[in-house]
Amino acid sequence: MPPFPAATTASATSHLALLVLLSSSSLFFLYKSIRLRRKPSPATGPARTTTPTLLYASATGTSKALAARLSSRLTADAGVPIGATDAASFDPDDLPSVPLLLLVLPTHDGGAPPPSAAFLARWLEESAADFRAGALLLSGLRFAVFGVGSRAYGETFNAAARSFSRWLRALGAVEVVPLVEGNVDGGDLEAVFEDWSGKVLRVVNGEELNNEGALGGSDGLDLLELEEESDDDDEEEAEVGEIDMEDLAGKAPARRQSGKMEGGLANGRQNGVKEMVTPIIRTSLEKQGYKILGSHSGVKICRWTKSQLRGRGGCYKHSFYGIESHRCMEATPSLACANKCVFCWRHHTNPVGKSWKWKMDDPLDIVNGAIDQHTKMVKQMKGVPGVKPERLEEGLSPRHCALSLVGEPIMYPEINALVDELHRRHISTFLVTNAQFPEKIKTLKPITQLYVSVDAATKESLKAVDRPLFSDFWERFLDSLKSLHEKDQRTVYRLTLVKGWNAEEIDAYAKLLSLGQPDFIEIKGVTYCGSSATSKLTMENVPWHSDVKEFSEVLASKSGGVYEVACEHAHSCCVLLAKVDKFKINGKWHTWIDYDRFHELVTSGKPFKSQDYMAVTPSWAVYGAEEGGFDPDQSRFKKERRHGTAALKG
């Protein structure tokens, strides 16, 4: 996983990144928690910025005019040539590497930013709420915000400027000039803007503003903020028992829809059966970008889906198995899980449980809802810079479903009916289970590929890493591996390496291979999701791709020739081991999947095996290839990122 540097001030080793947001009201949502941020470290001396980038979004021309004025001032007084560009043509993926960004937004309907800045706003909001992005995504960015609005709009006055500032800080960016909120009705907009522009000019010239430029907004709040609050304060430890989700339901008002209480009664029950997704859980997951389906399912668009829509490459599943990321749907029929893993992307904002005790939705409704919500999210990519029209059209018809989004999909009592419905629509299926429900594995119908998460190799480390609810978790884990061995279709051990937790257990991992005898072993470095009250992982726990490769090679050697390293995807810090006798034919790997053939086999109703629907792996995906698992038909898009102690200097 590409790592991120800590926040730094101007120095000989850092770039100045300035974000000017001339903005008004917008998307002023409630943040239940505020991340702990760093204040800038002392600068080693003045530093000049590289050429800034100024963006604007204007409805009446005011913001465009102000942006042009700032452009002229920077060019004349700082010798920094810069032009103003419409924000609609800016790609937010450039934020981690662009040294200076300027964005201009006027007051708009309901406090929202103008349409040309809506995508940037959504990108920042979703990234700030998504733990996969992490609190250091924009730690190399320094920014300043100027808002333009009208006090006639009351509570939404300059809400957009505040929101943009908050999202950027949540992603690790440093606010070098305090937020200023201009008022077009007050008659002092020009003077306020000139004063703020002067401070911006001083920063561009390499000056430090000391307390003037400390993290903060126009309200003067000190933003060495509170630590992130956690819903887990109300969770019982695994040894005590399951969490009673009814306790959480009382923390927030029930949602209303069409004048009625959603899901039945306000206490989280419908016809005497509890709802899995209580209001507080729904709010938390929706902040992270999840679309909640019915009472217990969810769907979310993946960043790799967005990437391949732009022709910028797919995820490791594309390299290893031929999955088209822009046609892949991430979903789950059960948001609940039986573990509270230390590397959980959700930081345990999803429910947990040891058995199904909730209201149950129909599998057909779940599939219909998932496809509907997924395609709506894909449609929102229309007009985004770089998105290819032909890929967008293909993306509206998902051909693959990754049942691994969040929770434990195999817990859903109608999982077989749901898989049947996906296959009926010629949508292939990858399902990931957390190795706590061996009987469910045994009764699961044939799917395209079945995963078991092997997060540790000893009882002690599994308890520490997965923090399971079951007291007999180790026995369940071993039985799950044995159940995997009974399946005829493609099977996978998924290993997530966490330095200091499980990466040193290679001999113990090798001993587990004989239990499940999986077709494949995926070995991936842990993704840093930021620390919280429930997880204290740091970047020190994140392995380099070279670490993952070394681990994989050693594990393959310890298998006695049963497995060899077959593929890699350097961008995902992921390596694939495959069974030699099944998938290496005449010296060529066959890890890819013939999806049409798979659906033919499923439709026939006859028994079939994993070898019956395999396909040749392209040379660029094979381990050791120069491409590192990147499809040469895609356009390589690299971002400037740093890792390690060297990135912390300056």
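Q: Which elements do the buried residues of helix 2 pack against?
A: Keep in mind that this is a predicted model. The buried residues of helix 2 pack against strand 4 (101–104), helix 3 (159–170) and helix 6 (279–287).

Q: Which residues of helix 2 are buried?
A: Here is the general idea to start with. An α-helix has 3.6 residues a turn, so residues three or four places apart point the same way. In this case, the buried residues of helix 2 are A117, F119, L120, A121, W123, L124, S127, A128 and A129.

Q: What should helix 2 span, at 1.5 Å a residue?
A: Helix 2 has 15 residues (115–129), so it should span 21 Å; the C-alpha atoms at its ends are 21 Å apart, which agrees.

Q: How many residues does the largest nonpolar core have?
A: That core has 78 residues, and V454, L495, I521, I523, L555 and L577 have the most contacts inside it. Helix 9 (residues 363–379) gives the largest share, six residues. Apart from this core lies another, of 28 residues, including L95, L105, L141 and F143.

Q: What does L495 touch, leaving out residues up to four places away in sequence?
A: L495 touches V454, Y509, I521, E522, I523, K524, F551 and L555.

Q: At what angle do helix 13 and helix 14 pack?
A: Helix 13 (residues 459–466) and helix 14 (residues 473–485) pack at about 100°, with axes 10 Å apart. That angle makes helix 13 roughly perpendicular to helix 14. K459, L462 and K463 of helix 13 meet F473, W474 and F477 of helix 14. By class, this contact has four nonpolar, no polar and two charged residues.

Definitions and conventions
Residues are numbered from 1 along each chain as its sequence is written. This is a predicted model: local features need pLDDT of at least 70, side-chain atom pairs count only at pLDDT 80 or more; totals for chains, interfaces and linings use all residues. Side-chain values use heavy atoms; hydrogens and water are left out. Helices (H or I, at least four residues) and strands (E, at least two) are DSSP runs, numbered from the N terminus. The expected span of a helix is 1.5 Å times one less than its number of residues. Buried means under 20% relative accessible area, exposed over 50%, partly exposed in between (1.4 Å probe, protein chains only). Contact means heavy atoms within 4.5 Å. A nonpolar core is a set of buried Ala, Val, Leu, Ile, Met, Phe, Trp, Tyr and Cys residues joined through side-chain atoms within 4.5 Å. Axes are lines fitted to C-alpha atoms, for helices over the stretch in contact, and angles run from 0 to 180 degrees between N-to-C directions. Angles under 35 degrees count as roughly parallel, over 145 as roughly antiparallel, 65 to 115 as roughly perpendicular and the rest as oblique. Ala, Val, Leu, Ile, Met, Phe, Trp, Tyr, Cys and Pro count as nonpolar, Asp, Glu, Lys and Arg as charged, and the others, Gly among them, as polar.
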